[in-house]
Amino acid sequence: MKVTRKYPIYLHALERAMERLKEGAPEREQVREELLRQEAGYFGEIASDKYVRRSRLPGVVLTDIQIEVEPGEVVQIDTLILTRRGIWLIESKKYKGALQYQLSPRRIERRERGGSIIVFPCPIIQLESQIHALEGWLEKRDIKLPVFGTVAFASHNVWEGLPDDAPIIPTREIPLYLETGYRQLPEQLSMESFDELMVLLDQERHYLQWIPICKKFSINPNHLKRGFLCLDCSGTLTRESERTLHCKACDKKSKADYGQLILDWFLLVHPTLNNAQLRAFAKIKRKQTASRILRRYELAQSGKSIGTTYTVNLYTELDGLEIRKRG
Ligand SMILES: [Zn+2]
């Protein structure tokens with residue numbers, strides 16, 4: 001089966017937050033933990049994609065679908081396998097190290113080297129809520145198709161306390177799991193309704209509103225480094241000209257990428273940007289310079305003259321992880 005998956009914008013945003021949060025900022029710890037949780041998910045998805053590709057099912061694989069359960073409440077489905085006999089969801093994880101399964105509330109804990117404990121949400125609960133959300137979504141549209149799912153682990157972990165009947169398989173068993181399940185079921189959908197359903201589910205992607213990292217984690221934006229950062233040491237660069245930057249610590253020159261800097265603003269600070277904010281964030285002195293830079297990128301504008309603000313839809317308008325330049 002064919003699987004395509006984009007690098008998650010949320011994971012990228014957490015990485016950028018770790019780059020920009022000043023040393024000693026109190027918010028670093030919770031962002032770091034969330035980064036570890038999101039990495040466990042993404043690396044798990046990459047590992048399970050390999051085995052979903054090897055599965056022989058007549059159907060399609062949809063990735064990163066967001067199902068709205070109630071207004072404002074969204075459940076994310078990382079991997080959805082749609083066939084004319086049923087739908088399978090796979091919740092994949094790749095954890096490092098020894099894990100403990102804990103009850104009430106169900107969760108996974110891992111002891112870090114320093115002795116601190118990082119808590120991961122229970123992937124079985126995540127899977128159950130995905131199945132429940134999708135069943136409700138289908139029912140609302142009067143579509144009769146059964147939904148199944150499994151948690152798939154990409155790592156060989158030492159477990160403590162894991163229940164025997166937990167719906168968890170190693171990623172390499174994904175093809176067998178899917179093919180066996182599929183064979184046992186009768187056809188439910190006509191080719192026509194299958195195509196319709198595929199389009200409907202595909203539309204359930206990327207319709208979320210982006211919440212900047214500072215808002216999500218109540219981070220004081222003053223705890224972020226401004227300006228351009230060195231790719232090697234994350235230190236603040238000094239500007240020698242509009243385009244040329246210099247790292248004193250590494251004694252290296254580099255080119256200023258204003259697109260990345262503007263993207264950092266949207267990811268971390270605020271969903272819109274104006275001239276004054278860009279000047280403060282990029283450490284630019286002249287208004288005209290900031291205007292010229294803003295015009296270079298494909299950003300949606302609203303307002304006039306000094307009230308002009310710029311924005312971009314981070315889910316649908318980026319080219320990979322970059323803001324598009326005007327042609
Ligand atoms: Zn450096």
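Here are some notes on this predicted model, going from the overall picture to single residues.

1. **The chain overall.** The protein chain has 327 residues, and 27% of them count as buried. It carries 9 helices and 15 strands.

2. **The annotated domain.** UniProt, in an unreviewed entry, places the feature "domain: NERD" at residues 40–157. In the model that span is 28% helix and 43% strand, and its end C-alpha atoms lie 13 Å apart.

3. How do helix 1 and helix 2 pack? Helix 1 covers residues 9–20 and helix 2 covers residues 28–54; their axes are 10 Å apart and meet at an angle of about 145°. The crossing is left-handed. On the helix 1 side, the contact is made by Y10, L11, L14, E15, A17 and M18. Helix 2 answers with V31, R32, E34, L35, Q38, E39 and Y42. Sorted by class, the contact between the two helices has 8 nonpolar, 1 polar and 4 charged residues.

4. **Strand 4 and its partners.** Strand 4 (residues 99–102) is worth a look, with pairings to strand 5 and to strand 8. With strand 5 (residues 107–111) it runs antiparallel, joined by 4 bridges; one of the pairs to pick out is L99 with R110 as its bridge partner. Strand 4 and strand 5 make a hairpin with 4 residues between them, and S104 in the turn has a positive phi of about 35°. Strand 8 (residues 159–160), by contrast, runs parallel to strand 4 and is joined to it by 2 bridges. There, Q100 has E160 as its bridge partner.

5. **The sheet of strands 10, 11 and 12.** These 3 strands form an open sheet in the order 10-11-12, with antiparallel pairing. Strand 10 (238–239) and strand 12 (252–255) are the edge strands, each pairing on one side only. Strand 10 meets strand 11 (residues 244–247) over 2 bridges, and T238 has H246 as its bridge partner in strand 11.

6. **The sheet of strands 13, 15 and 14.** Here again 3 strands form an open antiparallel sheet, but watch the order, which is 13-15-14. Strand 13 (273–274) and strand 14 (300–302) stand at the edges with a single partner strand each, so one side of each has no neighbour in the sheet. Strand 14 pairs with strand 15 (residues 309–311) in the antiparallel sense over 3 bridges. S302 and T309 are bridge partners in that pairing.

7. L273 belongs to strand 13. Is L273 buried or exposed? It is buried, because 21 other C-beta atoms lie within 10 Å and the cut-off for a buried residue is 20 or more. Leaving aside residues up to four places away in sequence, L273 touches I262, W265, F266, L278, T309 and Y310. One of these, T309, is 36 residues away along the chain, yet the C-alpha atoms of L273 and T309 are separated by 5.4 Å.

Conventions:
Residues are numbered from 1 along each chain as its sequence is written. This is a predicted model: local features need pLDDT of at least 70, side-chain atom pairs count only at pLDDT 80 or more; totals for chains, interfaces and linings use all residues. Two strands pair if DSSP finds at least two bridges between them. A residue is buried if 20 or more other C-beta atoms lie within 10 Å of its own, exposed if 12 or fewer, and partly exposed in between; C-beta atoms are placed from the backbone. UniProt positions are given in the numbering used here, feature names are shortened, and annotations may be inferred rather than shown by experiment. Axes are lines fitted to C-alpha atoms, for helices over the stretch in contact, and angles run from 0 to 180 degrees between N-to-C directions. A crossing is left-handed if the near helix is turned anticlockwise from the far one by less than a right angle, and right-handed if clockwise. Two residues are in contact if their C-beta atoms, placed from the backbone, lie within 7 Å. Ala, Val, Leu, Ile, Met, Phe, Trp, Tyr, Cys and Pro count as nonpolar, Asp, Glu, Lys and Arg as charged, and the others, Gly among them, as polar.
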